[in-house]
Amino acid sequence: MKINLKQAWHTLKNKPGFESFLASAAAIGIGLIFGFLLLVIFKAEKSVYGLSQILVVGFSSAAKFSKVLYQAAPLIMTGLSVGFAFKTGLFNIGASGQYMLGMFMALYSGIVWQFPWYAALIMAMLGGAIWGAMPGLFKAYFNVNEVITSIMFNWIGLFAVNVLLANIPMVLADYYGASNPDRTANMSAANKAAIIPKWGLDTLFDSTYMNISIFMAIILAVIIYFVLNRTTFGYELKACGFNRNASIYAGINAKRNIVLSMVIAGSLAGFGGGLYYLSGTAQYTIEKLLATMGFNGIPVALLATSNPIGIIFSALFISYIQVGGEAMQPEFAKEIVDIIISVIIYLSAFSLLLKGIIRKLIKQSATAGKEVAP
Amino acid sequence: MSDFIIEMLQITKEFPGIKANDNITLQLKKGEVHALLGENGAGKSTLMSILFGLYQAEHGEIHKNGQKVLINNPNDANALNIGMVHQHFKLVEVFSVLENIILGVEPTKYSVLKRNEARQKIVQLSQQYKLSVEPDALIEDISVGMQQRVEILKMLYRDNEILIFDEPTAVLTPQEIKELMAIIRGLKAEGKSILFITHKLNEIMEVADRCTVLRKGQCIGTVDIDQTSVEELSRMMVGRPVQLIVDKADLIPGEIVLAVEHLTVASKLHKNNAVKDVSFNVRAGEIVCLAGIEGNGQSELIYALTGIEKPVSGRLTLKGHDLTKSSIRDRSKAGISHIPEDRHKFGLVLDYSLAENLVLQRYWEPRFHQNGLINREAVNQYADNLISKYDIRSGQGAQTIVRSMSGGNQQKAIVAREIDKNPELLIAIQPTRGLDIGAIEYIHTQLVAQRDSGKGVLLVSLELDEVMNVSDRILVIYEGNIVGEFDPKETTVEQLGLYMAGARRNDVKGGQV
């Protein structure tokens, strides 16, 4: 048994992704320790309680776990959006705006056109795709940095969506008799067919949050992984990302690929917006804040080193500690979880450094083992 | 009193993962020119950096005149009268020649610079050693050759007795190299001791008294130049006999493969055209070499040939097919292969595996995919085939990440990829830049093999030795014009140098053979 473990360890540590995984785990660990220190500073006597809330609440009941999955689905999508673009050499910081456009198209087509949920989701993808295409076109044809344009398109998207929603009475809640004029309609009143089906999962998990969106997100992650790693299209996209010059020399149309890459990234984020707001439980409030779901896609992607399969897990993790953070209230402000996430992002930016340290430790343990052996 | 002015005894220096110097002993006699020979990465520069105080050795001692000395930084080296001319000059561009020479050892009185005293000493030194410089010219305005003379004067101004030259000829034209050789002989005549780092054998034969050869961090031996030959030195350097002169039979060139007619290409740097109304052709079974000093339009010409830039005007045809307006991919399909000038920037996707890089020019062929799904088995099989055929060495075979491979093997991968396409025309731009002598020999052999199998080869090179050695016909490009056409058998390096520098020209229009 012992030997088997050793062998397993040996094969595991030689896997290429292993160091990345350990580096991410280390970032998470240090982030949690830092969060715990904050809890101690704010309210030492409750600090252990606070940390345990963060760490266990997500699994404490089926209902809480449903909440984790419910928030994870759109996070996977925005994470995929950022991660996919990153794999192709583009920094898509505009997932937030693409998510907003996806949300708008889903709501508009679902309520005004009375589209069923699947058609509304396709419209959401389209909205995100258009919003992603903009920075892509600017980058490809005018060489404008996509970071700048996508930040601007975040704000353009936010205000455009707010203005549009405020002027379409049918999508607002008070049209259906509710008393909050700055909110979008409750889907069950506006169009039941546009709500993403639950397939009985809601009764199984005893939570209205539970639907099939998490499965759709996971399937899309697998598809993206497949496209990136197994197709000539993915081969071209990644080649452009790693070395644009060499790709051009190889006859690859780099401009077209930049636009396509941003279109796909945008449609993924837009799909996330659709998933969240077609759940039947979420209503959009018209305010001047960019959707955090879009920005949280960045840490999700970073933590997974942009690996689509890794993104599934990192999104689940971020969602998990967010649910835990909400449960810390009122003893602690839930923003502490945001601080923890920030620390984790900060450290994942050092992932190369962490990887180097981990590699050294593995080597040291290997040579130490040799020296002990007769 | 010892015979040797400087002795480096059993020097060992390790960097993470590599022994750069392994128990090396180097003894410099007073008043000799001592060459230090070795391939890239053999440890020459590390050894000299230890002597100059930039690195500290883990083991070993340095003696001067038989006394043990400690050199912890360049100031210590200076105090021991050791000076160094680095490969990349250490000069302040916006300072004058005089200011650069006295920098750090300014003669002052009441902290006011005694400029006249400095000038007198510099003028006297430059006359004594025949190092002509203009003391008041700014460094950015003077030629590379004069910059080098400034570096030498810097050493002399500090009364250095031991002068280290790190690859001093790498940046010079043939005429400037000749002048430098004369200067070195002059320095020797005045009793200076000189250490001369190089990997060019001819220079050693010309100017050195003795030569120490390094290979992979180890000292292979020290020989007297009058008792050795170029062949022996190269064998010591590489570890096996090396074919220095490329073996190629006479061939009568066949039909025209590439025809370039009145090609004009715009420049990205300035408003003038980089390539001006250039016409030439490349025939089957010949290697045409485009010689010239960097920045005279070679790059832009190649961009236009390979399709990366659109020409302003002109026409190019490959075996009669007009390719002027074709895309990069179409030109590649039509039979142009291309070994680009910067393998990291243009030739390889460094974070892709070797297999992925080997199919970079043909992954779209039906045999490598089915409906867009990459056929990994076919890709790996193809890669393994090329790896064994072209002897590409790497850690994990086809799955090695190219970034981790050596420069020579990276270049071999590109050569394999481009030649295996079986092109009509192979364009190779400085294919041997930064490679050691073994890899250079390999690349040259491959180029000649292409020529012998009846393909056209267009070689762009800055190395005149390579130009003379490999080509069947030489075109000299100067300021975007082809200013001369030569047969390598009937011309000299000096003559080419004059044309390359723009001192002479006889414009060639039409590329008649």
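A residue counts as buried here if 20 or more other C-beta atoms, placed from the backbone, lie within 10 Å of its own, as exposed if 12 or fewer do, and as partly exposed in between. This is a predicted model, in which local features need pLDDT of at least 70 and side-chain atom pairs count only at pLDDT 80 or more, while totals for chains, interfaces and linings use all residues. Residues are numbered from 1 along each chain as its sequence is written, and chains are lettered from A in the order in which they are written.

Leu233(B), Ser234(B) and Met237(B) are its buried residues. Looking down the axis of H8(B), they fall within an arc of 95° (taken from the directions from the axis to the C-beta atoms), so they line one face of the helix. Their cover includes strand S3 (33–37) and helix H15 (437–452) of chain B.

As for where the chains meet, 23 residues of chain B are in contact with 14 residues of chain A (contact means C-beta atoms, placed from the backbone, within 7 Å). Helix H10 (328–334), helix H11 (343–347) and strand S20 (373–374) of chain B each bring at least two residues to that side of chain B.

Key
Two residues are in contact if their C-beta atoms, placed from the backbone, lie within 7 Å. Helices (H or I, at least four residues) and strands (E, at least two) are DSSP runs, numbered from the N terminus.
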